[in-house]
Each structure stands twice: as structure tokens, then as C-alpha cells.
Amino acid sequence: MAFRNSDIQFYGMDITHNIGQFIPYSIRHPFDNFNPAEIKDIHRRLNDLEYQAARVKTHSEIDPKTFAKLEKLIPDALLVKKDKYGNLVIPDDFWHALQNKIRSDQTLISYQPDGKSTSPGTGLSVKDVERISGREYEKFMKSNQAKMTAVLGDELAKKFPRLLEDNHVASKPEILRIIRQSWDDNQKEIKLEMNQLTKKLENASRLIQQLHQDPAGLTTKEVKAIAEEVVRKLLPHAQLEALARSNLQQTVNYGLTRVNHFSKGTGAVIDPYSTSPNYIFPSQNVWFPNRWMRAMMLNSVPAPKAPETALTRWDEHGDCWCSPSNEIDGFGTSLGVIMASTIYPDQVVIEHISPSAALEPGAAPREMELFAFIDSTSENYNSCKTMSDDMFGVDSDVSLPYGWVRIASFTYDIESNHNVQSFPVQLDMKALGASTNKIIVRSKSNWGGENVGYTCIYRVRLHGEIAA
């Protein structure tokens with residue numbers, strides 16, 4: 001609660017901020033008196049932001065600046081799904097895109113003095129991460145436009161009425177209303193995610209101080225402008241990220257209650273004809289006589305993990321399947337799976353070990369795709385293929401046997417705090433009357449780039465409704 005006609009705020013059980021607001025800034029930060037005027041001003045702004053953040057973490061309302069930022073980011077129209085009760089649901093790829101858009105707009109870290117700042121997980125430069133994230137948002141906008149065109153098109157709508165029944169083109173006011181409702185409904189999860197804001201504030205303060213000491217050719221005025229921009233963006237970005245993460249985590253949790261059609265227990269098997277070879281690590285590439293001698297000494301050379309490893313539970317580092325990241329055909333790491341049931345896929349879950357627990361974080365998959373085999377003699381194959389090409393584009397570098405259609409495209413986010421991530425299958429196969437029992441999971445690239453010649457997959461889960 002806030003006291004009217006007063007600057008006094010109530011911060012819940014946070015005694016530090018409840019009492020601290022009555023102590024003058026000069027007493028709380030005595031050493032700031034020796035700083036230049038510009039730095040003192042920036043530190044005061046950061047201090048005010050700290051108190052604002054403390055209040056936000058104990059109150060339920062969304063900050064007006066956050067809502068204004070959101071209003072600028074979202075498109076004029078968005079294709080949303082309808083749940084079984086007819087309620088409008090924002091798709092997960094929007095929340096992924098929102099996260100990526102925020103990450104591509106990190107003003108401060110773009111100006112770090114060393115010029116070589118890297119992501120702790122991958123070794124990529126921060127600017128590389130920003131560029132990749134920016135591309136993901138553009139990819140989402142293109143895909144959203146293609147799906148809206150398909151749903152609103154007379155030809156497809158008449159042929160597949162479920163496209164209109166299961167989907168809805170929402171206007172910007174509708175989207176904002178749904179998001180505000182999502183904010184109210186997910187308060188518990190959002191507050192947990194907002195706990196990271198304190199760490200971000202500390203990091204911002206440290207980097208601003210570092211930038212002032214070593215401005216990398218920037219003027220004092222430019223340093224101040226950068227710092228002010230960071231202060232202005234920090235809270236809205238934190239709230240938007242918390243909202244996106246809470247929604248995405250809910251989807252992951254929902255997946256745990258569904259049938260996993262990639263489980264060996266449900267009858268899934270590896271398709272060897274569409275699966276790339278195992279990666280042979282140097283410790284496994286042993287000359288045959290030495291291999292034989294080690295076997296005689298009961299110290300056998302470990303064999304590479306089989307592709308089936310990616311369909312089973314894992315416990316620690318190394319419980320994964322690895323494959324060369326660039327095959328001769330240019331297709332990359334590919335896991336082919338034949339399912340016991342014919343389904344309409346709608347959700348894929350990728351699991352990977354946390355970067356801090358990995359010996360080679362760069363081996364994590366990055367850009368990923370799903371391909372489904374659809375009977376090319378069926379009347380729905382051409383509709384699926386046309387819509388897929390409109391949504392994802394045509395990859396001229398890769399040629400698949402006839403019948404395979406790209407149904408999903410997404411990026412595994414190694415920078416996320418959650419190493420189990422859920423992604424929607426963007427091509428609505430059920431609405432198009434197409435089902436499948438064969439899937440290829442493809443990793444086009446990994447987070448290590450050219451420095452890591454293999455990609456590892458810890459586990460893939462696939463969910464969807466069984467076709468009648």
C-alpha cells in the first residue's frame with residue numbers, strides 16, 4: 001500500500017527499505033559526496049530504482065512504464081489460440097519472442113569497456129547474443145503474419161474450417177487485455193522471477209561505475225546518457241521478462257501432465273535412416289589393438305551414447321546423445337523418431353544441462369526445427385507444405401525426401417535460468433487435417449559455433465493429441 005499525498009511507501013516485510021526511506025541519501029551513501037556531480041546523479045537514480053524495485057516485488061500491479069513498453073512492442077494483430085473452453089490464449093512463441101526482443105535491447109552491455117565481453121555460457125560476445133535474439137523476434141513477426149494470412153484466406157478457411165474455429169486474430173487492445181489478465185493470474189510465479197531484479201541492479205551499478213572509469217572513447221555526456229537509458233529500461237524489462245518466463249514455465253509444467261510420445265515406454269523408437277551418426281570423442285577414438293588390450297584388462301573404451309539416450313531421463317553431465325554439428329549433407333544434428341501412435345504434434349520440450357554444470361556449454365543446441373512425415377499422396381500434404389513454406393521459408397541448402405514438412409522452428413535459450421524449455425509446434429496439423437507418426441528433430445546450429453564441432457541433446461519430449 002502507499003500513503004496518499006505522501007512519498008512514504010510500504011514495502012511489505014522488507015524492513016531495510018521500510019526504514020531506509022527515512023534516512024537521507026547522503027548518510028546512506030557518504031562516499032558518493034566525493035564523486036563528480038554526474039556520477040552522484042546516476043547513483044541517486046539507481047538508488048531510487050532500487051526502492052522502486054523493492055516496492056514492485058511486494059505489490060501486484062504492473063508498472064505503467066512496463067505497459068507502455070509492451071504497447072510499443074506488440075504487433076497490431078496477433079494470431080492466438082482458443083482453449084477447450086473458448087478462451088483466448090497467447091502462444092508460447094510470442095513469449096519467447098518477447099524475451100528475445102528484450103535481450104536484443106540491452107543498452108549498457110553493448111558499451112562495455114573491454115569490447116570482448118562474452119556470454120558466460122557460450123563464449124559468444126554479448127553483441128552476438130543480442131543479434132541472434134533480435135533475429136528471433138523478426139522471425140516470429142514474419143511467422144505470425146504468414147499464419148494470419150493463411151487463417152484469413154478464403155481458400156484455406158473454406159477447405160479447413162478448423163483453422164478459424166481453433167484460432168483467432170486478436171487486435172492490439174485484445175492482446176493487452178489478455179496480457180494484463182495473465183499478469184494478475186500469475187502473480188506468485190512473477191514475484192519469484194522478479195527476485196532476480198536485485199542482482200540486475202547490482203550488475204548495472206557495477207558496469208556504470210566501470211564505464212565511468214574507462215569510458216572507451218565516450219564523452220561524459222554520452223556515458224551519462226547510456227546510464228540514464230539503462231535506469232529507464234531496467235524495471236520495465238525485468239517485469240516483461242518475469243511475465244514471459246512465468247508463462248513459459250507454466251507450459252513446461254503442463255507438459256509434465258501429458259503423454260510423452262517420444263518415450264520408449266509409449267513405444268517410440270529411433271529411425272536410423274533419418275538420424276545423424278554418433279560423435280566420436282577423442283577418448284573413444286582408440287586404435288583397435290589398444291582397444292582390445294584395454295578390454296582384456298577390464299578397462300574397456302567407452303562406446304558413444306546411442307541416439308536412444310535423447311529419449312530417456314538423465315541425471316548428470318554426459319547423459320546425452322552427441323552428433324557432429326555439420327554433416328556432409330549440411331543437415332546438421334538430426335534425431336529421427338518413429339512413434340507408436342499417429343498424432344497431431346503441438347508441443348516439443350528440449351532438456352539440456354545448465355551451462356555452469358557443462359564441460360562444453362557451446363555444445364548445447366541453438367536453432368532447432370521439427371519435421372513431420374506426411375503421406376504425400378494425401379490431399380492435405382500440399383496445403384501443409386504451402387503453409388509451412390509461407391511460415392518458415394524455403395531452405396535451399398537442405399533437401400529432404402518427399403513427404404517431410406517443417407512444422408516448427410525455435411531457438412533453445414542457453415541464457416535462460418530454466419534448462420527445460422517448451423516450444424509450440426507452429427504448424428497446426430490438426431486444423432489442416434494432417435497427422436504423423438514420424439518426426440525429425442534437427443539442430444541447425446549450436447551455441448559454440450565453429451569452435452564446437454558437435455551438438456549434444458539431453459532429452460526431447462513431444463506432446464500432442466492422438467489422431468482418431
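**A walk through the fold**

Let's start with the overall parts list: the protein chain has 14 helices and twelve strands. Keep in mind that this is a predicted model. Of the 468 residues in the chain, 49% are buried. The chain exposes about 23600 Å², and carbon and sulfur atoms supply 53% of that area. Now look at the contacts between residues with a separation of 6 or more: 81% of them join residues 24 or more positions apart.

Three strands form an open sheet, in the order 2-1-3, with antiparallel pairing. Strand 2 (88-89) and strand 3 (167-171) stand at the edges with a single partner strand each, so one side of each has no neighbour in the sheet. Strand 1 (residues 77-82) is joined to strand 3 by five bridges, and the two run antiparallel. To find your place there, look for K81, which stands opposite N167 in strand 3. Then find helix 9 (residues 172-185), which lies across strand 1, strand 2 and strand 3. Its direction makes an angle of about 100° with strand 3.

Which residues of helix 4 (residues 64-73) are buried? They are T66, F67, L70 and L73. These four cover an arc of only 120° around the axis, which means they sit on the same side of helix 4. There's a handy rule behind this kind of pattern: an α-helix has 3.6 residues a turn, so residues three or four places apart point the same way.

Notes:
Residues are numbered from 1 along each chain as its sequence is written. This is a predicted model: local features need pLDDT of at least 70, side-chain atom pairs count only at pLDDT 80 or more; totals for chains, interfaces and linings use all residues. Side-chain values use heavy atoms; hydrogens and water are left out. Two strands pair if DSSP finds at least two bridges between them. Contact means heavy atoms within 4.5 Å. Axes are lines fitted to C-alpha atoms, for helices over the stretch in contact, and angles run from 0 to 180 degrees between N-to-C directions. Buried means under 20% relative accessible area, exposed over 50%, partly exposed in between (1.4 Å probe, protein chains only). Accessible areas come from the Shrake-Rupley method with a 1.4 Å probe; for residues, only the protein chains shown count as cover. The arc is that of the directions from the helix axis to the C-beta atoms.
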